[in-house]
Amino acid sequence: AFGGVLCAFTLILIGVLAFSIRLFSVIKYESVIHEFDPYFNFRVTQFLSKNGIYEFWNWFDDRTWYPLGRVIGGTVYPGLTLTAGSIWWFVNALNIPLSVETVCVFTAPIFSAIASWATYLLTKEAKGTGAGLMAAAILAMVPSYISRSVAGSYDNEAVAIFALVFTFYLYVKTLNTGSLFYATLNALSYFYMVCSWGGYTFIINLIPMHVLLCIVTGRYSSRLYIAYAPLVILGTLLAALVPVVGFNAVLTSEHFASFLVFIILHVVAFVYYIKGLLTPRLFKMAMTLVITVGLAVCFAVVAILVALVASSPTKGWSGRSLSLLDPTYASKYIPIIASVSEHQPPTWPSYFMDINVLAFLVPAGIISCFLPLSDASSFMVLYLVTAVYFSGVMVSICCTDIM
């Protein structure tokens, strides 16, 4: 009981630290919105709070992308705006007279504290309470996250980093427990991430990679099936409800890996089920039949996908995704993306400035994940490897890299 109370008190202190350390811009100067994108998000939130959500979905802003204008509801990720608007509505319902601007300024520091707690939950599931507390404290103070969540930096990352970490926590929690309740919460958390940031494609590709890794290494279990199948079905249906995503949730190449692994998972589950019903001799015959039919179906599906992808000039991938897979793509085909400084590859000093002492703790973290190696810790290793690769391609991802 004393350990639980001490842990809760430590988490409260970490949350207070994460919140207060991001207020220096407000203390030194004043409560203002920084930079261009945050100010645009503030305008959208102001319109939402004044006119309501129905008008927000149908708002044509003639002052954005002038003189063409922009349909806001169908071209923005609404998670940040809806979150801040809901907070503003709630505090005003309690007769706390806060302006929309004040809520927008402090949204990022508030969610930085919540993200620290989500990091504690994720690391606790993989390596225990002590490691969770250390991870939460590091995330609260790491310079890369501070730069994206300082007071007044009202951008998508303000809530998206929390949504990213919390989705991974619920996935690992489902892996450890096999609970359909946590699997449903995982799909809802993924939906919130889709609403918040285009980086949701990292989730829907990383989790299938881990599922495939577990299948290849012989770690298939019913818990793995429960952790992944509801995420693909329910998560994809919910993602398609976001106007800016829509049918891209099933038509673009960024999502094909999840569907392919979903099919493979069901084939493996069917094989394990049949193996429990048949004798070894009959199982061998059934395997021959299943492999033959399965290969024919796979070839047909792959042929259809190849035909669909080949019909697109970019093979179904977005420009940013192609820039991540091929660092030279933007410079050759999309100069406007390559001209943005945060889309350039980072330098080595960027790592030491952005993640500080974490750069030296990475080897210790990898060794810790292998002692012992479990489904949860293998996911953390895969998370680390992919995060390091993508952070080396684009400096903006290096800044938001929380490993």
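## A helix crossing, aromatic rings and loops

Helix 11 and helix 13 pass each other in a right-handed crossing. In this predicted model, the axes of helix 11 (residues 180–196) and helix 13 (residues 222–239) come within 8 Å and cross at roughly 35°. On the side of helix 11, the residues that meet helix 13 include Leu180, Ala183, Leu188, Tyr190, Phe191 and Val194, while the residues of helix 13 in this contact include Ile226, Pro230, Leu231, Leu234 and Leu238. Sorted by class, the contact of helix 11 with helix 13 has 14 nonpolar residues, three polar residues and no charged ones.

Aromatic rings are the next topic. Over the whole structure, a search finds 16 aromatic pairs. In one of them, the rings of Phe166 and Tyr169 have their centres 5.7 Å apart and their planes at 40°, so the pair is tilted. Both Phe166 and Tyr169 belong to helix 10 (residues 157–177), where they stand three residues apart, about one turn of the helix. Phe166 counts as partly exposed because its relative accessibility is 25%, whereas Tyr169, at 9% relative accessibility, counts as buried.

A further pair is made by Tyr171 and Phe379, whose ring centres lie 5.3 Å apart with planes at 55°, so this pair is also tilted. This pair links distant parts of the chain, with Tyr171 in helix 10 and Phe379 in helix 22 (residues 375–393), 208 residues apart. Tyr171 counts as buried at 0% relative accessibility, and Phe379 is buried with a relative accessible area of 0%. Tyr171 and Phe379 also belong to one aromatic cluster, which is formed by Phe168, Tyr171, Phe202, Phe379 and Tyr383.

The backbone has some points to note as well. Leu371 and Pro372 are joined by a cis peptide bond, with omega at about -10°, and Pro372 lies in the loop between helix 21 (358–369) and helix 22. Positive phi values occur at Glu35, a residue other than glycine, and at Asn95, which is not a glycine either.

Technical notes
Residues numbered from 1 in each chain as written. Predicted model: local features only at pLDDT ≥ 70, side-chain atom pairs only at ≥ 80, totals over all residues. Heavy atoms only, no water. Phe/Tyr/Trp six-rings, centres within 6.5 Å; stacked < 30°, edge-to-face > 60°. Helix = DSSP H or I, 4+ residues; strand = E, 2+ residues; numbered from the N terminus. Buried < 20%, exposed > 50% of the residue type's maximum accessible area, 1.4 Å probe, protein only. Axes fitted to C-alpha atoms, helices over the stretch in contact; angles between N-to-C directions. Left-handed = near helix turned anticlockwise from the far one by under 90°. Contact = heavy atoms within 4.5 Å. Nonpolar A, V, L, I, M, F, W, Y, C, P; charged D, E, K, R; others polar.
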